Amino acid sequence: MTEPQLLPEQARIFVAGHRGLVGSAVARKLRADGHEVLTRTREELDLRDAAATAAYLARTRPDAVVLAAAKVGGIMANSTFPVQFLEENLQIQLSVIAGAHTARVGRLLFLGSSCIYPKLAPQPISEDALLTGPLEPTNEAYALAKIAGIVQVQSYRTQYGASYISAMPTNLYGPGDNFDLETSHVLPALVRRFHEAKEAGREEVVLWGSGSPRREFLHVDDLADACALLLRSYDGAEPVNVGCGSDLTIRELAETVKDVTGYTGSIGWDTSKPDGTPRKLLDISRLASLGWKPRVPLREGIARTYEAWRATV
């Protein structure tokens, strides 16, 4: 079956958030596919500034926009700074999506997060689970901002017939990730903690929670492949889950990272700290129906991520 072509073969595409984990991978993929990628640093364009963002898009008139810019962080950051996670993400989304419409940009892909789904959603989580139950409290503010982005995209489709779409990635990792222990997600935090424990000769690494929650992890290059496919061939109102289709416990993840980094000490668990959502596995059948599947095995991806990070420290 031939894909519908919703994007020119050599399109000009603005990637918002090109220096982040997701945006950098998407920019690499789109360039490899022959597209011209437009970028602006935060110093050149503050995406929270609606007037400046609209002016930039009106001036450059890209064929498409990928909205990968966001304020992101782990449980600690989300719990400590809910105002910033809510307001900054809303500001970015309102600026970019409204600005794209004003500039008559033909295609837009909004990247959300799997945390939009209810804490106790049936597993694996289908896109239909959205707004069917309470969210995980530790990242509720961030999740609500992302849900607003989905509704904004759907509203532009309904009211203006805009060819705007949304994708909801699972937990991502890869080169260019955030390894700051105060603000990073679980996988890069584990990589850094085990590496530093190995270098310091520590006998034990103590991790938050019980280790029992199950999580799904997708290499960011696989997400970038999915984004390129969706830009070319998907034009539905419903968001599309992007995951690998399998999960593992945080304890199993920790053991894998420990092995990859070469740490030989023991792992302890601080059960006074929160676990977060018990399980979060996405149903990726909608994306799979377009012919997509992930290609990077988890252990290989972790090893590549570790080597890329070690080259920077």
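Modeller: Start with the axes: they are lines fitted to C-alpha atoms, for helices over the stretch in contact, and angles run from 0 to 180 degrees between N-to-C directions. Helices (H or I, at least four residues) and strands (E, at least two) are DSSP runs, numbered from the N terminus. This is a predicted model, in which local features need pLDDT of at least 70, side-chain atom pairs count only at pLDDT 80 or more, and totals for chains, interfaces and linings use all residues. Residues are numbered from 1 along each chain as its sequence is written, and side-chain values use heavy atoms, with hydrogens and water left out.

Biologist: At what angle do the axes of α6 and helix α10 cross?

Modeller: The axes of α6 and α10 (residues 298-310) cross at roughly 60° and come within 11 Å. Angles under 35 degrees count as roughly parallel, over 145 as roughly antiparallel, 65 to 115 as roughly perpendicular and the rest as oblique. α6 is therefore oblique to α10. A crossing is left-handed if the near helix is turned anticlockwise from the far one by less than a right angle, and right-handed if clockwise; that of α6 and α10 is right-handed.

Biologist: Which residues make the contact of α6 and α10?

Modeller: Contact means heavy atoms within 4.5 Å. From α6 come Leu 187, Val 191, Arg 192, His 195 and Lys 198, and from α10 Leu 298, Ile 302, Tyr 306, Trp 309 and Arg 310. Classes are assigned by residue type: Ala, Val, Leu, Ile, Met, Phe, Trp, Tyr, Cys and Pro count as nonpolar, Asp, Glu, Lys and Arg as charged, and the others, Gly among them, as polar. The contact of α6 with α10 has six nonpolar, one polar and three charged residues.

Biologist: How do α6 and α8 cross?

Modeller: Helix α6 (residues 186-200) and helix α8 (residues 250-261) have axes that come within 9 Å and cross at roughly 45°. α6 and α8 are therefore oblique to each other, and their crossing is right-handed. On the α6 side the contact includes Val 186, Leu 190 and Phe 194; on the α8 side, Ile 250, Leu 253 and Val 257 are among the residues. By class, the contact of α6 with α8 has nine nonpolar, two polar and two charged residues.

Biologist: How is a pair of aromatic rings described?

Modeller: A pair of aromatic rings is described by the distance of the centres and the angle of the planes. Rings of Phe, Tyr and Trp (its six-membered ring) pair if their centres lie within 6.5 Å; planes under 30 degrees apart count as stacked, over 60 as edge-to-face and the rest as tilted. Six aromatic pairs are found in the whole structure. One of them, Tyr 156 with Tyr 160, is tilted, at 5.6 Å centre to centre and 35° between the planes. Both tyrosines lie in helix α5 (residues 140-160), four residues apart, about one turn of the helix.

Biologist: Is Tyr 156 buried or exposed?

Modeller: Buried means under 20% relative accessible area, exposed over 50%, partly exposed in between (1.4 Å probe, protein chains only). Tyr 156 has 15% relative accessibility, so Tyr 156 counts as buried. Tyr 160, at 46%, counts as partly exposed. Phe 194 and Tyr 263 also form a tilted pair, with ring centres 5.5 Å apart and planes at 40°. That pair links distant parts of the chain, 69 residues apart: Phe 194 in helix α6 and Tyr 263 in the loop between α8 and β12 (266-270).
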